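Please read them with the coordinates open.

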Amino acid sequence: GLTTTGHTVQAMENVLNYGEIAVFPEALCTECPVNDYEEYNGCFDCPNDGITASTGSTLDQCQTLCVPGEGFTDGEGCAACEPGSFNNAEDLSPCELCAVDTFAAGSGATVCEACGANEGTGALTGQTVCLCAPGYTREGGVCVECAAGTFKGVFGDEACTACAADSISIAGATECSACASNSVTVGDDRTDCVCVAGYAFD
């Protein structure tokens, strides 16, 4: 024949009717342009305003544009973006992971939401939830400071941890500070250090 997949034959002279066969010594094979497909030695627009990813495509490679909230994957076509990702374009681009300190809880997101006050993703992308920042714990759906005498050093919604004996912290602490030499904590109080017998603070 006079065609190869994704190419059309253009003769320098003598245009044949369909079904005729001839050899053109000066024939040129050229790829069909982007958003066209090759059929019967000609290039045609993809149907339904479809597009192609490259030149030299065939009809089965024409793709209908993905709508916002969907992403394109080779071999699979358009599909809803997974939780933690988004796409706000009408094209054949893939879904993108949500950036640091943003999230998408459900599938089909067109935008990622920003984390709330005192929340974050801990430098991670593609998250479906935000967690309380270090020094904060979740109460009633919001992140509040760890109480004095407690701490939390990581992202998460778990409770703050009490400081160990002879160490103290202020509200919102990410770690506890050891009492100075010759001073200790008393009972369960982890907010203040007191001097041992025979010593006093300068």
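The points below cover the salt bridges first, then a loop contact and a hairpin.

1. Please keep in mind that this is a predicted model. The distances and accessibilities quoted here are computed from that predicted model.

2. How many salt bridges does the structure hold? There are 2 salt bridges. Glu119, Arg138 and Asp157 are linked by them in a network, with Arg138 bonded to Glu119 and also to Asp157.

3. In the pair formed by Glu119 and Arg138, the side chains meet with an N to O distance of 2.8 Å.

4. The salt bridge between Asp157 and Arg138 has its closest N and O atoms 3.0 Å apart. Asp157 sits in the loop between β15 (150-151) and β16 (161-162), and Arg138 in strand β13, so here a loop and a strand are tied together across 19 residues in sequence.

5. Arg138, at 25%, is partly exposed. Asp157 is partly exposed as well, with a value of 32%. Buried would require a relative accessible area under 20%, and exposed one over 50%.

6. Thr58 is found in the loop between β4 (42-45) and β5 (70-73). Its relative accessibility is 16%, so Thr58 counts as buried, the cut-off being under 20%. The Thr58 side chain makes a polar contact with the side chain of Asp60, at 2.5 Å.

7. The loop that holds Thr58 runs up to β5, and β5 in turn pairs with strand β6 (residues 77-80). The pairing is antiparallel and extends over 4 bridges. Which residue of β6 is the bridge partner of Phe72? That partner is Cys78.

8. β5 and β6 form a hairpin, with 3 residues between the two strands. Gly75 lies in the turn and has a positive phi of about 85 degrees.

Notes: Residues numbered from 1 in each chain as written. Predicted model: local features only at pLDDT ≥ 70, side-chain atom pairs only at ≥ 80, totals over all residues. Heavy atoms only, no water. Salt bridge = Lys/Arg side-chain N within 4 Å of Asp/Glu carboxyl O. Buried < 20%, exposed > 50% of the residue type's maximum accessible area, 1.4 Å probe, protein only. Polar contact = N/O pair within 3.5 Å; in protein donor to acceptor, adjacent residues only side chain to side chain. Pairing = 2+ DSSP bridges.
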